[in-house]
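Biologist: Please take a close look at one part of this model, the site around the ligand. What surrounds the ligand, and where does the ligand sit?

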Amino acid sequence: MEIQKIRSLKGELAVPGDKSISHRAVMFGSLAEGTTRITHFLKGADCLSTISCFQKMGISIETKEDEVFVHGKGLHGLSAPSEVLDVGNSGTTTRLIAGILAGQKFSSVLNGDASIQSRPMNRIITPLSQMGADIKSQKENGCAPLLIQGQPLRALHYTSPVASAQVKSCILLAGMYADGITRVTEPVLSRNHTEIMLNYLGAHVTADGTTSSIEPEPSLQARDILVPGDISSAAYFIAAGLLVPNSEILLKNVGINPTRSGMLKVCRDMGADITLLNECQEGEPTADLLIRSSSLHGTIIEGEIIPSLIDELPILAVMAAFANGTTIIRNAQELRVKESDRIQVMCENLALMGADIQETEDGMIIHGGPSLHGACIHPRLDHRVAMSFAVAGLICEGTLSILDGECVNISYPDFYRDLYSLKER
Ligand code: S3P
């Protein structure tokens with residue numbers, strides 16, 4: 001993929017459906033009684049992996065244009081898969097499904113691509129084992145493939161060492177099959193889409209500060225689910241609209257759940273001109289985002305805000321490289337265990353473009369300046385890294401090429417088309 005500098009970006013865009021919410025809609029719809037209609041579902045490779053896993057467990061799922069119909073069979077309606085459940089590149093699929101599989105009456109195997117096979121799974125193996133689950137890393141290296149023999153589960157109050165919605169959701173989902181109320185306490189609140197959607201379908205999940213609790217054996221009932229636009233996909237257009245001169249972009253119907261929208265605050269701290277229009281606070285809150293070119297300055301990104309912008313840190317690093325002054329990112333060690341080691345991969349590739357950037361154990365220090373040049377970027381098959389550099393390519397001098405640029409299919413198959421649709425002619 002080759003990207004050139006452009007003069008301005010103008011227009012309106014509806015970004016694809018939220019990835020986290022699309023996964024959950026298929027999973028919880030499969031465990032509900034009746035047919036769940038999901039509108040604005042994200043047809044990225046990760047969410048298609050989730051669909052295929054549930055189809056292998058006997059759930060009929062039809063995909064139409066922008067809609068998906070899940071014919072749920074209730075909490076105990078899954079059947080034993082006759083083959084390995086292939087999660088592809090998706091950590092969310094792996095960790096959330098593991099929580100569901102732990103309490104089934106059958107055994108199963110979860111496996112995925114090379115990236116998945118190197119991501120840490122002890123963070124779910126430990127709490128699930130404490131609930132009485134029989135879950136093993138086949139190679140005994142704490143990674144997938146995971147072998148799960150379903151068991152009766154005990155309720156648990158788990159204090160998680162990481163603020164991770166995947167860990168929290170895994171335990172809450174296992175808690176649906178446990179013998180009492182299951183609780184998870186996190187160091188900082190992570191995204192709460194699981195709690196919101198399970199309650200919407202009839203479960204009893206309560207939140208008290210950073211503790212979420214679920215009652216066992218909920219009777220989930222199918223309901224229509226409208227997936228908001230993904231703020232993590234909107235992030236690339238927010239950055240592009242701010243950085244490319246003379247730009248004005250309207251991003252329609254973007255999810256702005258406070259556990260996800262830390263990027264908006266950081267952008268404003270950097271001097272961004274972002275206006276929220278048509279705010280809607282029902283269920284998952286949404287708004288239209290009006291983005292205008294802005295002169296950005298450096299900032300410090302650390303502490304409690306990190307989980308609410310964890311997936312946006314790669315694009316925030318790009319913004320920082322073009323901003324005036326220094327940006328420091330701290331407490332973001334979780335970035336090292338995403339689809340790639342995002343601290344290393346961002347630092348390595350931004351340095352190739354001439355950025356003054358220093359890698360630290362839990363983040364990076366970026367001395368911004370406008371004079372970056374094109375380079376040949378290796379995103380290590382990480383979709384968010386590829387999209388972040390596509391934005392960098394719109395502003396730097398010379399041509400920027402991205403190796404394996406099609407890896408954006410994981411979360412945003414039409415990314416390049418949408419980006420160029422905003423190019424002023
Ligand atoms: C996700 C949670 C986050 C995020 C990932 C999606 C989810 O991961 O990075 O892209 O849908 O629950 P962690 O929970 O591991 O931080």
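Modeller: What follows describes the ligand site. This is a predicted model, in which local features need pLDDT of at least 70, side-chain atom pairs count only at pLDDT 80 or more, and totals for chains, interfaces and linings use all residues. Residues are numbered from 1 along each chain as its sequence is written, and side-chain values use heavy atoms, with hydrogens and water left out.

Around the ligand are Ser 20, Arg 24, Thr 92, Ser 164, Ala 165, Gln 166, Arg 191, Ile 310, Asp 311 and Lys 338 (a residue is near a molecule if one of its heavy atoms lies within 4 Å of it). By class, this shell holds two nonpolar, four polar and four charged residues (Ala, Val, Leu, Ile, Met, Phe, Trp, Tyr, Cys and Pro count as nonpolar, Asp, Glu, Lys and Arg as charged, and the others, Gly among them, as polar).

The ligand sits in the largest pocket (on a 1 Å grid over the protein atoms alone, an open set of points where a 1.4 Å probe fits, with protein on both sides within 12 Å along at least five of seven lines; to sit there, more than half of the molecule's atoms must lie within 2 Å of its grid points). Helix H1 (19–31) and helix H5 (165–175) are the elements that give two or more residues to the shell (helices are DSSP runs of H or I, at least four residues, numbered from the N terminus).

As for polar contacts (pairs of N or O atoms within 3.5 Å), a ligand oxygen is 2.7 Å from a side-chain N or O atom of Arg 24. For the side chain of Ser 164, the corresponding distance is 2.8 Å. At Gln 166, a polar backbone atom is 2.8 Å from an oxygen atom of the ligand. The protein covers 95% of the 380 Å² of accessible area that the ligand has on its own (Shrake-Rupley method, 1.4 Å probe).

Terms used. Polar contact = N/O pair within 3.5 Å; in protein donor to acceptor, adjacent residues only side chain to side chain. 1 Å grid on protein atoms, 1.4 Å probe; cavity = no way out; pocket = protein on both sides within 12 Å on 5 of 7 lines; lining within 4 Å.
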